[in-house]
Amino acid sequence: MSTFLELGLNEDLLTAITDLGFETPSDVQQKAIPILLNEDSDLVALAQTGTGKTAAFGFPMLQKINIDSRTTQGLILSPTRELCLQIANELKLYGKYCKGLNVTAIYGGASITEQARQVKRGAQIIVATPGRIIKYVNSKAIKLGVLKNFVIDEFDEMLKVGFLDDVHYLFTRIPGDTKVIFCSATFGEKIQHLVYHYLEDPKVFEVKKRNIGLEQYYVRCDEDKDSVVVNLLRKFKPAQCLIFVKTKAYADSLAAQLHT
Ligand code: AMP
């Protein structure tokens, strides 16, 4: 079992890792990081959410990009905007000491103007849902001509929601030497067929369990859920946190309370 230092991560990333309190690399990180840092092969990681897969492809990506250039060097495709935002936020945390780093999230259903402004500024890493990024690629606002890493996260979910044509289109727009990483929780016949259609001789590995010591709790609260949420946040003080609620209106009202 290697430490993060032994995996070959640089000082900026190691400092962020210490800040985040990550003690040991998870299985998927042990396997993926050395390959992505030192080898040329493409990768297929069969791993669920909760295994630390974002950091597994994120750390090497952050280490390998040329931060002095504002060209798009890493593209991560995600099936939903929630996951897209989550990945972008994680990468910003992991890369907080990488001076000049710009990670931009591009997803449908949000203001085009604000995203266009961010795209114009230039981002080394873009995390996107397929439909929206294709618009920018078509209009040449985003150029993929020097892309180094292309990650297709939750590929199985991507297929379920009908994004195959979009994935296929993006493959026609990236350079031939872009390193490709497919992440998927399942590896059925159709997925295997597609993966081997795109990649010649990828390294494939499976991570069975979630092994980063995530603890799960449930709290029963019949009333005043808001103060329960506030108290939980006070107690656990998470560096970042996603809260899923039932309605847009409740999301707005809870967000307003958390701001106070
Ligand atoms: P993921 O599977 O990428 O969605 O990661 C799940 C959660 O585990 C995220 O909140 C990460 O910040 C956290 N995490 C990732 N790697 C580690 C690690 N090596 N040790 C502890 N937590 C981690």
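## Gly-162 and its loop

Let us start with Gly-162, which is exposed because its relative accessible area is 54%. Here, exposed means over 50% relative accessible area, buried means under 20%, and partly exposed is in between, with a 1.4 Å probe and protein chains only. Gly-162 belongs to the loop between helix 7 (155-160) and helix 8 (164-173). Helices (H or I, at least four residues) and strands (E, at least two) are DSSP runs, numbered from the N terminus. From Gly-162 to Ala-16 the chain runs over 146 residues, and their C-alpha atoms are 36 Å apart in space.

A word on what you are looking at: this is a predicted model, in which local features need pLDDT of at least 70 and side-chain atom pairs count only at pLDDT 80 or more, while totals for chains, interfaces and linings use all residues. Residues are numbered from 1 along each chain as its sequence is written, and side-chain values use heavy atoms, with hydrogens and water left out.

## The ligand and its shell

Which residues are the closest to the ligand? They are Thr-24, Gln-29, Gly-50, Gly-52 and Thr-54, out of 15 residues that surround the ligand. A residue is near a molecule if one of its heavy atoms lies within 4 Å of it. By type, the shell holds eight polar, five nonpolar and two charged residues. In this grouping Ala, Val, Leu, Ile, Met, Phe, Trp, Tyr, Cys and Pro count as nonpolar, Asp, Glu, Lys and Arg as charged, and the others, Gly among them, as polar.

Several polar contacts can be picked out. The term stands for a pair of N or O atoms within 3.5 Å; within protein, one must be able to donate a hydrogen and the other to accept it, and residues adjacent in sequence count only if both atoms are side-chain atoms. Thr-24 has a polar backbone atom 2.9 Å from a nitrogen atom of the ligand. A backbone N or O atom of Lys-53 is 3.3 Å from an oxygen atom of the ligand, and a side-chain N or O atom of Tyr-94 is 3.3 Å from an oxygen atom of the ligand. The protein buries 82% of the 500 Å² that the ligand exposes when taken alone; accessible areas come from the Shrake-Rupley method with a 1.4 Å probe. Helix 3 (53-64) and helix 4 (81-94) are the elements that give two or more residues to this shell.

Helix 3 is mostly covered, with 10 of its 12 residues buried. Among them are Lys-53 and Thr-54, along with Phe-57, Phe-59 and Met-61. The end C-alpha atoms of helix 3 are 17 Å apart, which agrees with the 16 Å that its 12 residues should span at 1.5 Å a residue. The expected span is 1.5 Å times one less than the number of residues.

Helix 4 has 14 residues and reaches 20 Å from its first C-alpha to its last, close to the expected 20 Å. Which residues of helix 4 are buried? They are Leu-83, Cys-84, Ile-87, Ala-88, Glu-90, Leu-91 and Tyr-94. These residues lie on the same side of helix 4 because they cover an arc of only 160° around the axis. The arc is that of the directions from the helix axis to the C-beta atoms.

## Helix 10 and Gln-240

Helix 10 (225-236) tells a similar kind of story. Its buried residues are Asp-226, Val-229 and Val-230, and they cover an arc of only 95° around the axis, so they sit on the same side of helix 10. Gln-240 counts as partly exposed because its relative accessibility is 29%.

## Two buried polar side chains

Gln-30 is in helix 2 (residues 27-38) and counts as buried because its relative accessibility is 16%. A polar atom of the Gln-30 side chain lies 3.0 Å from the backbone oxygen of Ser-2.

Thr-51 sits in the loop between strand 1 (43-46) and helix 3. Is Thr-51 buried or exposed? At 1% relative accessibility, Thr-51 counts as buried. Its side chain has a polar atom 2.6 Å from the backbone oxygen of Gln-48.

## Positive phi angles

Most residues other than glycine have a negative phi. Lys-140 has a positive phi, near 65°, and lies in the loop between helix 6 (130-138) and strand 5 (149-152). Lys-140 is exposed, with a relative accessible area of 55%. Glu-154 has a positive phi as well, near 45°, and is in the loop between strand 5 and helix 7. At 18% relative accessibility, Glu-154 counts as buried.
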